[in-house]
Amino acid sequence: PTEAEAILGQVLARRGLTRRGELVAQIAGYEEAKQRYEQLVKRGRNELERELAKLCEEKAIIHRALDDTSGALQEYDYAIAIWETLVERGGQSDFSNNLASAYTNKANLLQSLGNIQEAVVLYDRAIAIRAPLVEYEGRHDLAPALAASYANRANAAVRAGDLHGALNWYDQTIKLLGCAVEHGQQDVANDLALAYTSKAIVLRRIGDVQGALTFYDQAIAIRERLVSEGRREWSTDLALSYTNKAATLSVLGKHQEAMDLCDRAIELLECLVDKEGRHELANYLATVYANKSAIASRLGDLHSAMELCDRAIALFEHLVEREGRSELSNELASVYLGKAAVQRELGSLHDAIEFSDRAIAIRERLVDREERYELSGDLAFAYMSKAVVLTILGNVGESVKLYDCAISLLERLIEEKGQRERENDLAVAYLNKARALAQAGTLRDAVGLLEHAITLLERLVEEGRSELTSDLAMAYMNKGMALQAL
């Protein structure tokens with residue numbers, strides 16, 4: 001809205017503000033504009049309601065940038081209430097897609113917070129609006145928006161542990177986007193590549209590794225074509241496609257092919273970051289270094305793995321600590337854990353503890369102080385990583401305490417947030433704690449935990465998670481050994 005833009009221009013005319021200060025100033029400008037629109041609407045200017053709704057959604061985005069999720073949710077609710085009034089009571093169906101977008105924006109925020117069930121309700125509402133518009137009213141211009149709704153619904157299904165349901169939603173996404181691309185809508189070609197990638201990730205998780213490779217190849221083919229046609233803005237996505245395929249090849253034991261793909265990704269990203277000055281992409285380069293490090297470790301080249309870890313850490317530390325990109329803190333923690341894993345393989349156990357502690361410190365701050373509860377599962381993983389090293393060092397008491405912390409976090413995510421994708425992590429926590437207890441001679445408690453793990457894994461395998469069959473077999477074996485020792 002013109003008036004809102006004018007107000008924002010006045011507020012942001014000040015100089016010397018930090019990035020956070022700029023965002024706070026934008027909030028002030030939006031709030032002043034919002035109040036003026038509210039006054040005009042109260043005076044009968046009902047045609048401005050739609051502008052007020054749009055303004056609230058824009059204001060919500062800035063609240064999110066400030067990590068003010070409650071403020072963002074409040075603005076989304078305000079916008080939704082306006083759109084619902086316009087659509088449902090005013091009979092203005094022209095605004096149905098705006099309402100669907102508002103539902104989606106709020107759902108995306110809820111999903112990022114781990115509130116999967118609430119997000120699913122809103123995604124379903126958005127689909128219920130958009131599907132009839134596309135399928136029955138011929139609004140083919142909204143097909144990409146409907147495809148995005150299907151993709152969001154698929155992502156929520158993944159978070160809820162419904163992997164086969166997610167595949168169905170991704171198939172609907174791919175069908176819509178594939179049809180659009182065939183009819184010349186090349187602007188959604190990269191979205192189609194993303195849908196292929198998302199489906200590949202799920203296929204890999206359910207054990208269909210060859211199927212995953214097929215869809216990664218389709219994504220790569222699209223992105224290589226786009227980049228060769230001069231669409232260099234998709235170079236980063238192409239690099240990430242190479243990295244995703246590399247991780248899957250590594251699972252198949254094709255480590256050298258995986259390393260070659262990582263090198264192709266690194267070549268692309270180093271060109272963008274180092275030669276073209278696209279330093280805002282440095283986090284992607286750091287991520288590829290970390291992924292290549294993991295593959296080098298599997299090859300047994302631990303010194304190369306350590307060098308790659310250090311390069312990733314240097315980039316992430318610069319971005320987080322020097323440039324203030326705090327949103328990358330959790331990624332920095334992940335790389336610390338990657339280095340801890342390499343140090344563990346090298347036998348540098350106390351160094352592994354040090355870097356595990358660095359990761360834990362970051363994630364405890366994010367979860368406990370900044371209330372980023374959606375990262376609780378990542379914190380649980382950090383606890384387990386340190387616990388493994390403590391068990392090797394013979395400090396079983398401390399390792400069991402950390403496993404208990406991890407188990408508590410994971411159980412809460414599954415039971416209260418519906419994040420069933422964490423059930424395998426919980427089974428691993430049960431297994432690892434059982435091993436520590438068995439090492440300490442507490443065999444009956446170890447058997448009880450193994451039974452919990454077996455119950456979880458049996459159900460997951462029955463649901464199609466065939467890649468967990470080896471974990472289930474290991475749990476059976478560990479239980480047998482514990483019972484024999486008893």
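Predicted model: local features only at pLDDT ≥ 70, side-chain atom pairs only at ≥ 80, totals over all residues.

Q: Which residues lie nearest the centre of the second largest pocket?
A: Start with the space itself: the second largest pocket has a volume of about 620 Å³. Its lining is made up of 20 residues. Those nearest the centre are Arg64, Ala65, Leu66, Asp67 and Arg372.

Q: Which helix gives the most to the lining of the second largest pocket?
A: Helix 2 (19-42), helix 3 (49-65), helix 5 (96-112) and helix 16 (349-369) are the elements that give two or more residues to this lining. The top contributor among the elements gives 3 residues, and that is helix 2.

Q: How many residues in the lining of the second largest pocket are charged?
A: Sort the lining of the second largest pocket by class and you get 6 nonpolar and 4 polar residues. The remaining class, charged, has 10.

Q: How are helix 14 and helix 15 oriented to each other, roughly parallel or roughly antiparallel?
A: Helix 14 (residues 302-322) and helix 15 (residues 329-346) have axes that come within 9 Å and cross at roughly 160 degrees. Angles over 145 degrees count as roughly antiparallel. So helix 14 and helix 15 are roughly antiparallel.

Q: How many nonpolar residues are in the contact of helix 14 with helix 15?
A: These two helices pass each other in a left-handed crossing. On the helix 14 side you'll find Met306, Ile313 and Phe316, among others, and they meet a set in helix 15 including Leu332, Val335 and Val342. The contact also has 3 polar and 6 charged residues, while the nonpolar count is 13.

Q: What is the handedness of the crossing where helix 19 passes helix 20?
A: First, the geometry: helix 19 (residues 423-439) packs on helix 20 at about 160 degrees, with the axes 8 Å apart. That angle makes the pair roughly antiparallel. As for the handedness of the crossing, it is left-handed.

Q: How many charged residues does the contact of helix 19 with helix 20 have?
A: Helix 19 brings residues including Leu426, Tyr430 and Leu437, and helix 20 brings Leu449, Ala453 and Leu456, among others. By class, this contact has 15 nonpolar and 2 polar residues, and the charged ones number 4.

Q: Why do helix 20 and helix 21 count as roughly antiparallel, and what is their angle?
A: Helix 20 (residues 443-462) and helix 21 (residues 469-485) have axes 9 Å apart. The cut-off for roughly antiparallel is an angle over 145 degrees. Helix 20 and helix 21 are therefore roughly antiparallel, as they pack at an angle of about 155 degrees.

Notes
Residues numbered from 1 in each chain as written. Heavy atoms only, no water. 1 Å grid on protein atoms, 1.4 Å probe; cavity = no way out; pocket = protein on both sides within 12 Å on 5 of 7 lines; lining within 4 Å. Points joined across faces, edges and corners; volume = space filled by probe spheres on them. Helix = DSSP H or I, 4+ residues; strand = E, 2+ residues; numbered from the N terminus. Nonpolar A, V, L, I, M, F, W, Y, C, P; charged D, E, K, R; others polar. Axes fitted to C-alpha atoms, helices over the stretch in contact; angles between N-to-C directions. Parallel < 35°, antiparallel > 145°, perpendicular 65-115°, else oblique. Left-handed = near helix turned anticlockwise from the far one by under 90°. Contact = heavy atoms within 4.5 Å.
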